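User: I'm new to this one and would like a guided look. Could you walk me through it?

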Amino acid sequence: IGVIADLLYGFNRTIKDGIWWHAVVNKLSYKRKNIFAEEAGFVLKNTKSKVKVAVPSPYLIGSRMWNEEDSTRAYKTKYDFMLTVVEFLREEILQLSKCGISMVQIDDPSLCLFVDEDYRKKFQNPEEECETAVELINKMIEGISGVEIVTHLCRSSGTRNRRLLTKTKQGFVAKGSYDFILPYLNKIKVNQFAL
């Protein structure tokens, strides 16, 4: 998700537990427009295969890059921040839809964590969190055509989690069936899910 800080100004970068973390601290503005389409263009020039480009979801970015201590000066709520992110990511996806790629993948591993009952207990209203994640994806892709849209969900994202899982020999970060999130997945207006 750090690519968002390559695309936009407004983030502070620090190291926490040996991993780079970004937090939004100022209003977002473009640093480098069309970063995804530029990189896709390079790939398209160098392959005859279909090309898929992954873009982080607004909910994932909000979950990882907004915190009450540092971010409220820029955006009063995490939701306000995520809505602003939607505008920028939507523009990037529009550009991707025009450049000749086959697929845009919206990465939202945070939504998949709600399969876990213990994880849901961390939230006052986990149903509302899932509704928000879905709403933001749908706003981001509304009316986009010319490219297949995929939502990627997983239970073990990030280098830190992979290292932790390797040490503890566990299979997934979140345990449980998809039953809790299925009603929300049915509301996401994408062509495909990558689980």
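Predicted model: local features only at pLDDT ≥ 70, side-chain atom pairs only at ≥ 80, totals over all residues.

User: Let's begin with helices. How many residues does α5 have, and how far does it reach?

Analyst: Helix α5 has 21 residues and reaches 31 Å from its first C-alpha to its last, which is close to the 30 Å expected at 1.5 Å a residue. Just after α5 comes G100, which takes a positive phi of about 105 degrees.

User: And which residues are buried in α5?

Analyst: The buried residues in α5 are F81, M82, T84, V85, V86, F88, L89, E92, I93, L96 and S97. As background, an α-helix has 3.6 residues a turn, so residues three or four places apart point the same way.

User: What about the core, which residues have the most contacts inside it?

Analyst: The largest nonpolar core has 55 residues, and those with the most contacts inside it are I4, F11, L28, F81, L96 and V104. Helix α5, covering residues 78-98, gives the most to this core, with 8 residues. In soluble globular proteins, nonpolar side chains tend to be buried together.

User: Take F11 from that list. What does F11 touch?

Analyst: Setting aside residues up to four places away in sequence, F11 touches I4, A5, H22, A23, V24, V25, L28, M65 and F81.

User: Now α8, please. How many residues there, and which are buried?

Analyst: Helix α8, residues 126-141, has 16 residues and spans 23 Å from first C-alpha to last, close to the 22 Å expected at 1.5 Å a residue. Buried in α8 are P126, E129, C130, T132, A133, V134, L136, I137, N138, M140 and I141. The helix is followed by G143, whose phi is positive, near 75 degrees.

User: Where do α5 and α8 both supply residues?

Analyst: Each of them supplies at least two residues of the lining of the second largest pocket. That lining consists of Y59, K78, Y79, M82, F123, Q124, N125, E128, E129 and T132, and about 190 Å³ of space lies in the pocket.

User: Switching to strands: does β1 run parallel or antiparallel to β2?

Analyst: Strand β1, residues 8-16, runs antiparallel to β2, and 8 bridges join them; within this pair, I15 stands opposite W20 in β2. The two strands form a hairpin with 2 residues between them, and D17 in the turn has a positive phi of about 55 degrees.

User: And which strands does β5 join?

Analyst: Strand β5, residues 148-152, is joined by 5 bridges to β4, residues 103-107, and these two run parallel, with D107 standing opposite H152 in β5. There are also 3 bridges from β5 to β6, residues 192-194, again in a parallel arrangement, where T151 stands opposite F193 in β6.

User: Now the loops. Where is N34, and what is its phi?

Analyst: N34 is found in the loop between β2 and α2, and its phi is near 60 degrees, a positive value in a residue other than glycine. Most residues other than glycine have a negative phi.

User: Why is N34 called partly exposed?

Analyst: N34 has a relative accessible area of 24%, and it counts as partly exposed because that class lies between the 20% limit for buried and the 50% limit for exposed.

Terms used: Residues numbered from 1 in each chain as written. Heavy atoms only, no water. Helix = DSSP H or I, 4+ residues; strand = E, 2+ residues; numbered from the N terminus. Expected span 1.5 Å × (residues − 1). Buried < 20%, exposed > 50% of the residue type's maximum accessible area, 1.4 Å probe, protein only. Pairing = 2+ DSSP bridges. Core = buried A, V, L, I, M, F, W, Y, C linked by side-chain atoms within 4.5 Å. Contact = heavy atoms within 4.5 Å. 1 Å grid on protein atoms, 1.4 Å probe; cavity = no way out; pocket = protein on both sides within 12 Å on 5 of 7 lines; lining within 4 Å. Points joined across faces, edges and corners; volume = space filled by probe spheres on them.
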